[in-house]
Amino acid sequence: MFESLQEGLSSAFRSLRGRGKLSEANMRDVLGQVRTALLEADVSLPVVKDFIARVSEQALGERVLKSLDPGQHLVGFIHQELINLMGPVDSSLHLRGPQTVLMLCGLQGSGKTTTCGKLGRMIDKRGRKPLLVAADLQRPAAIRQLEVLGEQLGLPVYTEVEATDPVKVCQNAVKHAKTIGAEIVILDTAGRLHVDDELMAQLGRIDRRIEPEQIYLVVDGMTGQDAVNSAKAFNEALELDGLIMTKLDGDARGGAALSVKAITNVPIKFIGTGEHLDEIEEFRPEGMAERILGMGDIVGLAQKAHEEFDQEEMQKQEERLRKGQFTLDDFKKMLGQTKKLGPLNKVMKMIPGMGGMTEAMGDADVEGDMQRLVGVIDSMTPDERRNPSSTIDTSRRRRIAAGAGVEAHEVNQLVKQFDDMAKLMQKMAGMGIRERMKMMRDISKQGMADPSGRLSSKKASTGKRMTPKERAKAKKLRDKEARRKKRGKNRPPGNGKPPGK
């Protein structure tokens with residue numbers, strides 16, 4: 001998500017490095033690069049024009065041109081304008097009274113039914129009881145899909161398999177919600193392959209009869225400006241309260257997310273960041289702007305950690321750290337907690353200063369390396385996990401390596417890494433979140449951190465991946481070199497001719 005835009009903006013900012021002061025011509029050249037980056041990210045042309053005009057007005061001021069660090073000023077202006085472009089956003093669900101009805105609508109294939117399940121899970125995690133309603137009678141598999149999601153999540157689902165009137169289904173569902181004590185009713189309405197009068201008329205009837213408190217449009221972030229156009233059409237018919245943008249974890253260039261608020265005045269309330277049912281986030285313009293500029297999103301990461309981590313277990317670990325009792329068992333539990341946040345590469349991009357490390361890691365199998373690390377810890381005795389550096393000798397190291405299926409030197413490497421980490425964790429105990437993040441940034445700058453938790457001493461990728469053509473060429477050269485060496489070994493001494501010739 002936003003990778004091409006992030007790369008384009010980074011290139012523009014790099015051109016400012018080393019320049020103490022800028023001329024107006026140089027600054028206009030940089031802003032031209034920013035404009036190109038936005039257009040290539042599929043941001044709407046009118047939005048780009050307004051955005052560049054606002055940034056230019058500030059960036060071409062005398063104070064900035066004479067500044068000792070004009071690059072920082074420009075990044076600050078773009079950061080603030082990105083926030084203004086996507087916000088402000090009220091991410092609350094406006095849950096009122098004993099019962100609140102939320103209505104989801106959208107085109108087929110936008111991820112509407114899956115989003116219904118994600119919202120239900122999120123509401124359930126917050127201590128409110130939801131009811132999912134299968135009101136999509138157009139797509140035969142939609143009802144069964146929602147039932148399966150309900151079973152996976154342990155949430156009630158209201159269905160009427162033989163029904164033909166979605167309005168009646170919604171009315172009956174609201175009555176049913178009262179009987180089972182459900183506080184939030186989420187309507188999964190029908191979609192179409194494209195916007196048409198029949199679809200809008202059906203949704204309009206549900207809106208008038210049910211009077212939902214909030215109407216959300218689910219849009220596919222990968223459709224680019226088509227997502228903006230469909231948002232305009234739905235908003236004119238229904239007066240939307242917000243958007244839920246899905247599939248922002250794939251190859252979406254991000255232009256729709258940057259354009260839709262400015263064009264429709266409908267805010268993005270939530271974003272889908274993956275296929276799993278826990279991969280939905282409240283949309284924060286500040287966090288999104290920071291991610292676009294490669295600054296991470298530490299607030300968003302902290303919120304997700306608070307929701308997903310076992311707070312009681314975290315408190316116990318904190319107390320043990322303060323007493324200097326950090327062990328490999330604690331480290332293993334920390335790895336388990338971290339996995340709840342999602343893929344490690346994605347988590348690292350949310351930590352300021354760590355995003356570049358994901359590129360440096362290249363194709364490294366981070367999750368696989370973490371599993372191997374856990375395997376090594378599991379092969380140790382309780383005493384070895386408590387005091388690894390003082391108890392693990394050569395024979396124990398060989399035994400642990402055999403049990404985990406790794407080389408003995410990898411066990412030794414883990415023990416050394418753990419000693420360094422234990423000292424670091426004890427130093428961080430009692431620090432606030434800002435102090436801890438600052439320390440992590442300092443460590444990453446010094447090249448001391450290995451966030452992948454890798455056991456092997458494999459070289460990290462440079463981040464520059466070879467194309468299939470380049471890989472084939474490299475293999476051809478390796479094979480040629482191997483044949484040359486083989487011929488050299490088989491060649492007789494001297495001039496290569498048999499003796500006596």
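Me: Which share of the contacts between residues at least 6 apart in sequence joins residues at least 24 apart in the protein chain?

Reply: In this predicted model, 74% of the contacts between residues at least 6 apart in sequence join residues at least 24 apart.

Me: How many helices and strands does the protein chain have?

Reply: The protein chain has 24 helices and eight strands.

Me: How should I read burial, and what percentage of the 501 residues is buried?

Reply: A residue counts as buried when its relative accessible area is under 20%. By that criterion, buried residues make up 45% of the 501 residues in the protein chain.

Me: Is Glu281 buried or exposed?

Reply: Glu281 has a relative accessible area of 14%, so this residue is buried. It is located in strand β8, which covers residues 280-282. Apart from neighbours within four places in sequence, the residues in contact with Glu281 are Lys269, Phe270, Ile271, Thr273 and Arg291.

Me: May we apply burial to a helix next? How many residues of α11 are buried?

Reply: Helix α11 spans residues 255-264 and is mostly covered, with eight of its 10 residues buried. Those buried residues are Gly255, Ala256, Ala257, Leu258, Ser259, Val260, Lys261 and Thr264. Just after α11 comes Asn265, whose phi is positive, at about 65°.

Me: How do α10 and α11 lie relative to each other: roughly parallel or roughly antiparallel?

Reply: Helix α10 covers residues 225-238, and its axis comes within 8 Å of that of α11, the two crossing at roughly 30°. The helices α10 and α11 are therefore roughly parallel to each other. The crossing in which α10 passes α11 is right-handed.

Me: Which residues of α10 and α11 make the contact?

Reply: From α10, the contact uses Gln225, Ala227, Val228, Ala231, Lys232 and Asn235. From α11, Gly255, Ala256, Ser259, Val260, Ile263 and Thr264 take part. Sorted by class, the contact contains six nonpolar, five polar and one charged residues.

Me: What is the general idea of a salt bridge, and how many does a search of the whole structure find?

Reply: Side chains of opposite charge can pair when their charged atoms come close. A search of the whole structure finds 13 salt bridges. One of them joins the side chains of Asp188 and Lys112, with an N to O distance of 3.5 Å.

Me: With which residues does Arg144 form salt bridges?

Reply: Arg144 forms a salt bridge with Glu147, where the closest N and O atoms are 3.3 Å apart. Arg144 also forms a salt bridge with Glu151, where the closest N and O atoms are 3.6 Å apart.

Me: Why are Arg144 and Glu147 separated by about one helical turn?

Reply: Arg144 and Glu147 are separated by about one helical turn because they are three residues apart in helix α7 (residues 140-153).

Me: How exposed are Arg144, Glu147 and Glu151?

Reply: Arg144 is partly exposed, at 44% relative accessibility. Glu147 is partly exposed as well, with a relative accessible area of 22%. Glu151 has 55% relative accessibility and therefore counts as exposed.

Key: Residues numbered from 1 in each chain as written. Predicted model: local features only at pLDDT ≥ 70, side-chain atom pairs only at ≥ 80, totals over all residues. Heavy atoms only, no water. Buried < 20%, exposed > 50% of the residue type's maximum accessible area, 1.4 Å probe, protein only. Helix = DSSP H or I, 4+ residues; strand = E, 2+ residues; numbered from the N terminus. Contact = heavy atoms within 4.5 Å. Axes fitted to C-alpha atoms, helices over the stretch in contact; angles between N-to-C directions. Parallel < 35°, antiparallel > 145°, perpendicular 65-115°, else oblique. Left-handed = near helix turned anticlockwise from the far one by under 90°. Nonpolar A, V, L, I, M, F, W, Y, C, P; charged D, E, K, R; others polar. Salt bridge = Lys/Arg side-chain N within 4 Å of Asp/Glu carboxyl O.
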